[in-house]
Amino acid sequence: MTLEELVACDNAAQKMQTVTAAVEELLVAAQRQDRLTVGVYESAKLMNVDPDSVVLCLLAIDEEEEDDIALQIHFTLIQSFCCDNDINIMRVSGMQRLAQLLGEPAETQGTTEARDLHCLLVTVSRASALPRHARAPGPVFVNKVGLTGPVQLSVQPCLACPVGSGAGASSPRELF
């Protein structure tokens, strides 16, 4: 490994720590301001009613849940809807850290009483919401950010989203 490669690895790790801290800060602030929707079904309901208020969709999953077919189907539908509606998508890992950030009681974590933290939507107020045409062109799909440590991050325009593009795909009217 050369010095340049070593420095580049250090810089990538520092950038990931910065991104992780920013995501954590965003989630805490959004929850405090009542601009956070938690849960797959709650998120789907909000996106059906008011997709223009959603600015970021976080899809959270840990390695042990990667084989959950139902959850993967929900994620695929949500990603498709987000791409069609120019909503930025971020995949995160570290469900336990996510529960801590959102103030979930430790005794409910991992039980049936725990809130569904697999999908989180960050919204803006209607007064401060920009119309879709005034926002940056197209959504951004962030592949994976680990909330417990540095993970490789890749940012792609939504045209490269694994579920298709907003331009050529048919627009679903509703989720679920």
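Which residue of β3 stands opposite Leu-56? That residue is Asn-88, and the pairing belongs to a sheet region described below.

The model is predicted: local features need pLDDT of at least 70, side-chain atom pairs count only at pLDDT 80 or more, and totals for chains, interfaces and linings use all residues. Residues are numbered from 1 along each chain as its sequence is written, and side-chain values use heavy atoms, with hydrogens and water left out.

## Overall layout

The chain has four helices and six strands; helices (H or I, at least four residues) and strands (E, at least two) are DSSP runs numbered from the N terminus. Along the sequence these elements follow the pattern α-β-α-β-α-β-α-β-β-β. Of the 176 residues, 39% count as buried, where buried means under 20% relative accessible area, exposed over 50%, and partly exposed in between (1.4 Å probe, protein chains only). Among contacts with a separation of 6 or more, 77% are between residues 24 or more positions apart; contact means heavy atoms within 4.5 Å.

## Strands β1 to β4

Strand β2 (54-60) pairs with β3 (residues 88-93) in the parallel sense, over five bridges. Two strands count as paired if DSSP finds at least two bridges between them. β2 is also joined to β4 by five bridges, and these two run antiparallel. β4 (119-123) pairs in turn with β1, again in the antiparallel sense, over three bridges. The table lists residues that stand opposite each other.

| Residue | Opposite residue | Strand of the opposite residue |
|---|---|---|
| Leu-56 | Asn-88 | β3 |
| Ala-60 | Val-92 | β3 |
| Leu-58 | Leu-120 | β4 |
| Leu-59 | Cys-119 | β4 |
| Leu-36 | Val-122 | β4 |

β2, α3 and β3 make a right-handed β-α-β unit. A crossover is right-handed if, with the strands pointing away from the viewer, the path from the first strand over the helix to the second runs clockwise.

Both strands of this unit are mostly covered: six of the seven residues of β2 are buried, as are five of the six residues of β3. In β4, five of the five residues are buried, so the strand is largely enclosed by the rest of the structure. Cys-119, Leu-121 and Thr-123 point one way from β4, while Leu-120 and Val-122 point the other way.

## Nonpolar cores

A nonpolar core is a set of buried Ala, Val, Leu, Ile, Met, Phe, Trp, Tyr and Cys residues joined through side-chain atoms within 4.5 Å. The largest one has 17 residues, of which Leu-27, Leu-36, Leu-58, Leu-98 and Leu-120 touch the most other members. Two or more residues come from each of α1 (3-32), β1, β2, β3, α4 (95-101) and β4. Apart from this core lies another, of 16 residues, among them Ile-61, Leu-71, Cys-83 and Leu-121.

Leu-58 illustrates the contacts. Leaving aside neighbours within four places in sequence, Leu-58 is in contact with Val-23, Leu-27, Met-90, Val-92, His-118, Cys-119, Leu-120 and Val-122.

In helix α2 (residues 40-49), the buried residues are Val-40, Ser-43, Ala-44 and Met-47. They lie on the same side of α2 because they cover an arc of only 100° around the axis; the arc is that of the directions from the helix axis to the C-beta atoms. Lys-45 and Val-49, on the other side of α2, are exposed. The cover over the buried residues of α2 includes β1, β2, α3 (69-84) and β4.

Thr-37 is placed in strand β1 (residues 36-38). Thr-37 counts as buried because its relative accessibility is 17%. Not counting residues up to four places away in sequence, Thr-37 touches Glu-42, Ser-43, Leu-46, Cys-119, Leu-120 and Leu-121.

## His-118

His-118 is in the loop between α4 and β4. With a relative accessible area of 13%, His-118 is buried. Residues up to four places away aside, His-118 touches Val-40, Leu-58, Leu-59, Ala-60, Glu-65, Leu-71, Phe-75 and Met-95. The side chains of His-118 and Glu-65 make a polar contact at 3.0 Å. A polar contact is a pair of N or O atoms within 3.5 Å; within protein, one must be able to donate a hydrogen and the other to accept it, and residues adjacent in sequence count only if both atoms are side-chain atoms. His-118 and Val-38 are 80 residues apart in sequence, and their C-alpha atoms are 7.9 Å apart in space.
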